[in-house]
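I set out to record what could be looked up in this structure. The entries below are kept in the order in which I worked.

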Amino acid sequence: MNIPFNKPYITGKELENISRAHENGMLSGDGPFTKKCHKWLEQNLGVEKALLTHSCTAALEMAAILINLKPGDEVIMPSFTFVSTANAFVLRGAIPVFVDIRSDNQNINELLIEKAITVKTKAIVVVHYAGISCEMDTIMKIANANNLIVIEDAAQAIMSKYKGKPLGSIGHLGCLSFHETKNVISGEGGALLINDNKFNDRAEIIREKGTNRSIFLRGQVDKYTWCDIGSSFLPGEIIAAFLWAQLNNADEITKKRLIIWNYYNENLNNTLIEKPIITKESSHNAHMFYIKLNKNINRDIFLSQLKLAGVIAVFHYVPLHTSPCGIEFGRTASEMSNTIKTSDALIRLPLWIGVDYKKVVKIVNETLNSLS
């Protein structure tokens, strides 16, 4: 039987919570479980305000609306990322400006950001790849000096930190994912994290289809009405009930994933591969264990050999700047050699709670055997 790349983890409380949500008589958004999740995120991540969304994509789209992007505005970001990182801003008419990544942690190269800034630049979007932090001190310094908004795409980074600060809590806005491939899950789901209170009230309105329904439900107005652009960004209460069980086990989930990650890191030793490099500022969440293959190794053959041995490993992003829409809607502001090399060389190994010791040993042995 194959060892799959991912298998969603269940804590055991999810179905009980969903049943309780039904008993509460409220399955639409912003019920009791949603409020519990908001409070947990605010307290444990140290953010001004958290709002659950139906995906990290939705959180990014909310962020793009919140910062008042206009057609022709520019947003600096890496090209080595998921399409939503760019698409959310293209939907507002903005231009993604792609810069290269670092070769050590696959994050945006902070030393290239300043050169990419123009009079049209409005924001910097950083992606904490594999739950390993970007160099946030430098990035925030650049942003503050140029009056730019920083949005953290922390889709992979819940429970990760930079110099002790939770990722998603450092920039002006942060975005989380609870997709089934992430550490803490709700099937689909996400959250917008707000660290500048000037965005608080408008974020509620945008999330509620552009209405002031949230303050109506709090009894602050006697009726609600259309106040702004927006959409239906909130998830249903079943999603929140599932997520609540996961959030309450977030520390334990991270510890269990780190055991697997550390075994890979300690035992995958071969000069034909590069392993993740964790900078001293970063405390990561073991979201992903990747390796980068030597340029002389054919990745497709390597993955096929692993599959024949019963191990399902996968590659990752095709660089956005090389994609049809990346070419049409964006532009590059630096040479992109690290992005191209990483995209061509990187593979991700199975990492999910339930991959027992024997399976992890097999994954390591088959990975090393495929290199010989």
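Strands (E, at least two residues) and helices (H or I, at least four) are DSSP runs, numbered from the N terminus. I noted that this is a predicted model, in which local features need pLDDT of at least 70 and side-chain atom pairs count only at pLDDT 80 or more, while totals for chains, interfaces and linings use all residues. Residues are numbered from 1 along each chain as its sequence is written, and side-chain values use heavy atoms, with hydrogens and water left out.

**Entry 1. Strand S1**

I looked up the partner of S1 and found strand S9 (residues 190–194), joined to S1 by five bridges and running antiparallel. Within this pairing, Lys49 stands opposite Ile194 of S9. S1 spans residues 49–53, and five of its five residues are buried. In a regular strand, side chains alternate between the two faces of the sheet. I found Lys49, Leu51 and Thr53 pointing one way from S1, and Ala50 and Leu52 pointing the other way.

**Entry 2. The sheet S7-S6-S11**

I traced an open sheet of three strands in the order S7-S6-S11, with antiparallel pairing. Its edge strands are S7 (165–166) and S11 (282–283), each of which pairs on one side only. Strand S6 (residues 161–162) is joined to S11 by two bridges. I recorded Ser282 in S11 as the bridge partner of Tyr162.

**Entry 3. Gln246**

Is Gln246 buried or exposed? I count Gln246 as buried because its relative accessibility is 0%. I placed the residue in helix H9 (residues 237–247). For polar contacts I used pairs of N or O atoms within 3.5 Å; within protein, one atom must be able to donate a hydrogen and the other to accept it, and residues adjacent in sequence count only if both atoms are side-chain atoms. The side chain of Gln246 reaches the backbone oxygen of Tyr9 at 2.9 Å. I also listed contacts, meaning heavy atoms within 4.5 Å. Leaving aside residues up to four places away in sequence, Gln246 touches Tyr9, Ile10, Thr11, Glu14, Asn183, Val184, Ile185 and Ile253.

**Entry 4. Lys295**

I located Lys295 in the loop between strand S12 (289–293) and helix H11 (299–308). Lys295 is exposed, at 80% relative accessible area. I noted a separation of 8.5 Å between the C-alpha atoms of Lys295 and Lys341, which are 46 residues apart along the chain.

**Entry 5. Aromatic pairs**

I paired rings of Phe, Tyr and Trp (its six-membered ring) when their centres lie within 6.5 Å; planes under 30 degrees apart count as stacked, over 60 as edge-to-face and the rest as tilted. The count by this rule is seven aromatic pairs. The rings of Phe80 and Tyr317 are edge-to-face, because their centres are 5.1 Å apart and their planes stand at 80 degrees. Phe80 lies in the loop between strand S2 (74–78) and helix H4 (83–90), and Tyr317 in the loop between H11 and helix H12 (324–329), so the pair ties together parts 237 residues apart in sequence. I next recorded the tilted pair of Tyr129 and Tyr290, at 5.7 Å centre to centre and 55 degrees between the planes. Tyr129 is in the loop between strand S4 (121–127) and helix H6 (136–145) and Tyr290 is in strand S12, so this pair ties together parts 161 residues apart in sequence. Both Tyr129 and Tyr290 are buried. Phe80, Tyr129, Tyr290 and Tyr317 form one aromatic cluster.

**Entry 6. Salt bridges**

I counted a salt bridge where a side-chain nitrogen of Lys or Arg lies within 4 Å of a carboxyl oxygen of Asp or Glu. How many does the whole structure hold? The search finds 13 salt bridges. Lys163 forms one with Asp137, with the closest N and O atoms 2.6 Å apart. This pair links distant parts of the chain, Lys163 being in the loop between S6 and S7 and Asp137 in helix H6, 26 residues apart. Glu208 is buried, at 0% relative accessible area. I found Glu208 in a salt bridge with Arg213 at 2.9 Å between the closest N and O atoms, and in another with Lys209 at 3.4 Å, N to O. Lastly, I noted that Arg102, Asp104 and Glu110 are linked in a network of salt bridges.

How values were computed: Buried means under 20% relative accessible area, exposed over 50%, partly exposed in between (1.4 Å probe, protein chains only). Two strands pair if DSSP finds at least two bridges between them.
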